[in-house]
Amino acid sequence: MNCSALVSLVLILVQLWPCSPSTQNCGAQNTDQSFKALQRVKRGWVWEPLFATEEQTSEVPVYIGQMKSDLDKQDGNLKYILTGEGAGSIFIIDEYNGKIYVTQKLDREKKPFYTLRAQAVYRDTQLPVEPESEFVIKVRDVNDHEPQFLDGPYMATVPEMSPEGTSVIQVTATDGDDPSYGNGARLLYSLLQGQPYFSVEPQTGVIRMASQMDRETKDQYLVIIQAKDMVGQAGAFSATATVTINLSDINDNPPKFQQQLYYMSVSEEAPVGTTVGKILAEDSDTGENAAVTYFIEGESSDVFDIITNNETQEGIILLKKRVDYEGKRRYRIQAKVVNRYIDDRFMKEGPFEDKTIVKINVEDADEPPVFTSENYVMEIAEEAVSGSLVGTVTARDPDDDDSPVRYSIVNGMQLKRLFSIDEHNGTIFTTKPLDREAASWHNLTVTATETRNPEKISEVNVHIQVLDINDHAPEFPKYYETFVCENAVSGQLIQTISAVDQDDSPESHRFYYSLAEEATNNSHFTVKDNQDNTAGIFTAKSGFSKQQQFSFYLPILILDNGTPPLTSTNTLTITVCDCNTEVNIIYCRYGAFLHAMGLSTEALVAVLACILIFLVLILAIVAIRKQRKKTPFSEKMEEFRENIVRYDDEGGGEEDTEAFDITALRTRTVMRTHRPRKKVTTEIHSLYRQSLQVGPDSAIFRQFISEKLEEANTDPSVPPYDSLQTYAFEGAGSLAGSLSSLGSNTSDVDQSYDYLTDWGPHFKQLAGMYTSHRSLRD
């Protein structure tokens, strides 16, 4: 408090002092003056924080500080008042001397400070001596919380063989105490378990590698970390956490064979691809670091092969080529295993591979005979006679006992008719002459069977080629349709011919053309060889007459180049056509046809005209017969009408006039004299009565309908204008019965229709009609 404020406060106290509290005017006057004095005073209260230690307990309140006004004369005239958070309950103040006490146990972690207000007033007048002042009481922390590892337990993975100092993981503990006060929240980390492999940084909790470790020796470590507060001083709290550290694998180990020598065996009967055996190289690494690949080195790689089983990492030795016990009984192969993925960092430690020796014994087996060739190709000339030698197949037993072999042909009967084989020596013969043009190759299947063990059979294909001889003469490839015009000139080309030969010439065929000897004196046509296996037919004269000679037959001699050469005479038919110098094939064919029929053009036209007249007469006769079969009423047929009405109910009574139009039957032009219908026979009446008692599917009902239809169709007195209306059966048990009038005019049974009057006004007219009808009858 500064001097001016102190002076002002003293002046105020002097002015207030002479007044007696019992004098009200004086008190009021003095109060106004004191407030005015306080307003004039500028005071600056500055409070330093007060501190109360948490967790502090005592049977009596604990003193934490004191407030005192500069105007306090310690005469008891001033009173100190405390308000705000916890005032009166947690904190109390001595109103005489301003000392502040704490009465309860405090917890800084729940509430670290309290805001209160203090004021000094005159005890007698309760007037403020000073303005109300706000201050803070801070709860001073004590080390009452243990550290905690909230994220534990911890798991970490680090590659094996990691260098010293490699960071593994960082662990962190928390402390609820105040880090800004004292050492209660200052933690210190230490390693309780894990030496000498790991270390921990005391301030950060980072765990590091303390030495290189091999996963193959131990792949998991349990480390215990301790965290202490108070920087590890005496009385500090502590907590521990476990850290499980796994070593991940690296490819730092080469594969190793379990054995340096393997023994295996394989039968000489084993087919290619047979599994001979398995070898295994172990790798201490895991996953892809343990993946290996096997190889076979040396000359044996052409007989055996090895593959890698990627799941079991085994090497599977397979038979790559058939083995023969009699040829070679033992094999020695060298197998190598190599890491599939190699880490270059460890190449200096040596090659990541290993080798082993595999000895394989070939087991003897009773093998089938073996032919000296995989297949045989033989030749025989087609002129060979029956019993000619074709060739020989040879097979032997490869086993030591060398069993005799028996040969046979296993093809169909057709080949067995052409060939036979000596079962003892395998010689093949023909059994009948061969024709190359029918079949140039014959494929036989020959078997060789051990005589001591007939189950051992081998077979081989024998291909026999039939060699060609020139036994077929050349001939025309087709029929030539050759025409020559009547006005053709000499030297005109009328046809180009060629030839074919069924023989198989070792060189290309060559044909030579000429006129046969008997036609050399023919002065009508000539043959010119074109030297390209074709020839041209030319006219040797000008002008031909169809009436004098219609056709010419020209014999042509064709010679081939076979050994020996063969010739044939082929006849070319040349027809004369009445055309210009250019031949019209269709026209000439027509003329040739007439000539073959022996008819002229005029005769052919006459024949066609006769055929046409005959067809017209037949059509006329058919039309007349159809006209006679027409009905005598054909001219009136369009006026004949039928109206078949199907009723699915009983109708609409008298007002239903749409069922049938009777006016169509009342045409004046077709009105005829009415003739009475024949009486219905008693038998039909009986069927009618029976039909009333059965359903529409009854045979009696169907018979009744059929007979009524027949009666209507056969009655000659009834004109063709009637309308047959068939009513569906109404069912048995109806009180009304049937309303059909069929047979009513011939019935001898009297019926009473008095009940119609009881049906109401809708049936009044019907009741009157039947009642009057009955009266007339009576």
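Q: Which residue of S36 stands opposite Leu493?
A: Leu493 stands opposite Phe538 in S36. Strand S33 (residues 493-498) and S36 pair in the antiparallel sense, over five bridges. Strands here are DSSP runs of E with at least two residues, helices are runs of H or I with at least four, and both are numbered from the N terminus. Two strands pair if DSSP finds at least two bridges between them.

Q: And how many bridges join S35 to S36?
A: Five bridges join strand S35 (residues 525-529) to S36, and the two run antiparallel. In this pairing Phe525 stands opposite Thr539.

Q: Before we go on, what sort of model is this?
A: It is a predicted model, in which local features need pLDDT of at least 70 and side-chain atom pairs count only at pLDDT 80 or more, while totals for chains, interfaces and linings use all residues. Residues are numbered from 1 along each chain as its sequence is written, and side-chain values use heavy atoms, with hydrogens and water left out.

Q: Why is S36 largely enclosed?
A: Six of the six residues of S36 (residues 534-539) are buried, so the strand is largely enclosed by the rest of the structure. Buried means under 20% relative accessible area, exposed means over 50%, and partly exposed lies in between (1.4 Å probe, protein chains only).

Q: Which residues are on each side of it?
A: Thr534, Gly536 and Phe538 are on one side of S36, with Ala535, Ile537 and Thr539 on the other.

Q: What about the turn between S35 and S36?
A: S35 and S36 form a hairpin with four residues between them. Gln531 lies in that loop and has a positive phi of about 60 degrees although it is not a glycine.

Q: Is Gln531 buried or exposed?
A: Gln531 is exposed, with a relative accessible area of 54%.

Q: Which other glutamine has a phi near 60 degrees?
A: Gln313 has a phi near 60 degrees, again a positive value in a residue other than glycine. Gln313 lies in the loop between strand S19 (304-309) and strand S20 (314-319). This residue counts as buried, at 16% relative accessibility.

Q: What does the side chain of Gln313 reach?
A: The side chain of Gln313 reaches the backbone oxygen of Asn310 at 2.8 Å. Not counting residues up to four places away in sequence, Gln313 touches Leu280, Ala281, Ala290, Ala291, Val292, Tyr294 and Arg340. Contact means heavy atoms within 4.5 Å.

Q: How is Tyr101 placed: buried, partly exposed or exposed?
A: Tyr101 is partly exposed, with a relative accessible area of 22%. This tyrosine is found in strand S5 (residues 99-102).

Q: How far is Tyr101 from Ile90?
A: Tyr101 and Ile90 are eleven residues apart in sequence and 8.4 Å apart in space, C-alpha to C-alpha. Leaving aside neighbours within four places in sequence, Tyr101 is in contact with Pro61, Val62, Tyr63, Ile90, Phe91, Ile92 and Asp94.

Q: And Phe614, where is that found?
A: Phe614 is found in helix H5 (residues 601-628). At 52% relative accessibility, Phe614 counts as exposed.

Notes:
Polar contact = N/O pair within 3.5 Å; in protein donor to acceptor, adjacent residues only side chain to side chain.
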